Amino acid sequence: MTAHPGRGGELAAVLLGVAERLRGFAGCEIYLVSQDAADPDTVRVTEVWRDDASARAALSAPSPADGPTPADVLALLSTAPHRTDLAVLGGVGLPADGRP
């Protein structure tokens with residue numbers, strides 16, 4: 001995601017708030033927020049979900065009254081977010097069968 005100039009830190013903070021909301025959410029295995037070292041207005045989120053149903057449930061869950069909303073994230077973006085769906089095959093932090 002690319003924030004409006006100079007607002008990458010704010011975008012990262014909002015996304016870290018989303019991460020806190022997802023802590024313990026059924027099916028969320030990884031929600032990692034990273035800021036580009038060369039371009040701090042670029043923030044990336046890496047997510048691993050147990051299955052598509054869990055990811056959809058998180059997207060449709062109501063936002064808490066005191067937490068970040070999708071509108072909060074969108075207001076900080078200078079361009080539409082880019083999404084890449086991947087099939088997890090395995091790696092460090094995942095069981096040998098590749099399933100979280």
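# Briefing: fold, core and charge pairs

Along the sequence, the protein chain runs α-β-β-α-α. That pattern is built from 3 helices and 2 strands. The model is predicted. Of the 100 residues in the protein chain, 28% count as buried. The largest nonpolar core holds 18 residues, and a search of the whole structure finds 5 salt bridges.

**Overall dimensions and surface**

- Taken along the principal axes, the C-alpha atoms of the protein chain fill a box of roughly 40 × 35 × 20 Å.
- The protein chain exposes about 6,600 Å². Carbon and sulfur atoms supply 57% of that area.
- Consider contacts between residues at least 6 apart in sequence: 58% of them join residues at least 24 apart.

**The nonpolar core**

- In soluble globular proteins, nonpolar side chains tend to be buried together.
- Here, the largest nonpolar core has 18 residues, and the members touching the most other members are Leu11, Leu15, Leu22, Tyr31, Val43 and Trp49.
- Leu15 is one of the core members that touch the most others. Not counting residues up to four places away in sequence, Leu15 touches Met1, Tyr31, Val33, Val43, Val45 and Val73.
- Two of those partners, Tyr31 and Val43, are also among the core residues that touch the most other members.

**Charges and salt bridges**

- The protein chain carries 8 positive and 13 negative charges, and their mean positions are 5 Å apart.
- Side chains of opposite charge can pair when their charged atoms come close.
- The whole structure holds 5 salt bridges.
- Glu10 forms a salt bridge with Arg7, and the closest N and O atoms are 3.0 Å apart. Glu10 has a relative accessible area of 41%, so Glu10 counts as partly exposed. Arg7 is also partly exposed, at 30%.
- Glu20 pairs with Arg23 in a salt bridge, with the closest N and O atoms 2.7 Å apart. Glu20 is partly exposed, with a relative accessible area of 48%. Arg23, at 62%, is exposed; the cut-off for that class is over 50%.
- Arg83 and Asp85 form a salt bridge whose closest N and O atoms are 2.9 Å apart. Arg83 is exposed, with a relative accessible area of 64%. Asp85 is exposed too, at 60%.

- Ser78 is found in the segment after α3. Its relative accessibility is 36%, so Ser78 counts as partly exposed.
- Which residues does Ser78 touch, not counting residues up to four places away in sequence? Thr2, Ala3 and His4 are the residues touched by Ser78.
- Ser78 and Thr2 are 76 residues apart in sequence, while their C-alpha atoms are 5.9 Å apart in space.
- Pro81 also has its place in the segment after α3. At 44% relative accessibility, Pro81 counts as partly exposed.
- Pro81 and Ala3 are 78 residues apart in sequence. In space, they are 9.6 Å apart, C-alpha to C-alpha.

**Helix α2 and Gly27**

- Asp52 lies in helix α2. With a relative accessibility of 58%, Asp52 counts as exposed.
- Asp52 and Gly27 are 25 residues apart in sequence, and 9.1 Å separates their C-alpha atoms in space.

Notes
Residues are numbered from 1 along each chain as its sequence is written. This is a predicted model: local features need pLDDT of at least 70, side-chain atom pairs count only at pLDDT 80 or more; totals for chains, interfaces and linings use all residues. Side-chain values use heavy atoms; hydrogens and water are left out. A nonpolar core is a set of buried Ala, Val, Leu, Ile, Met, Phe, Trp, Tyr and Cys residues joined through side-chain atoms within 4.5 Å. Buried means under 20% relative accessible area, exposed over 50%, partly exposed in between (1.4 Å probe, protein chains only). Contact means heavy atoms within 4.5 Å. Helices (H or I, at least four residues) and strands (E, at least two) are DSSP runs, numbered from the N terminus. Accessible areas come from the Shrake-Rupley method with a 1.4 Å probe; for residues, only the protein chains shown count as cover. Lys and Arg count as positive and Asp and Glu as negative; His and the chain ends are not counted. The place of a charge is taken as NZ of Lys, CZ of Arg, CG of Asp or CD of Glu. A salt bridge is a side-chain nitrogen of Lys or Arg within 4 Å of a carboxyl oxygen of Asp or Glu.
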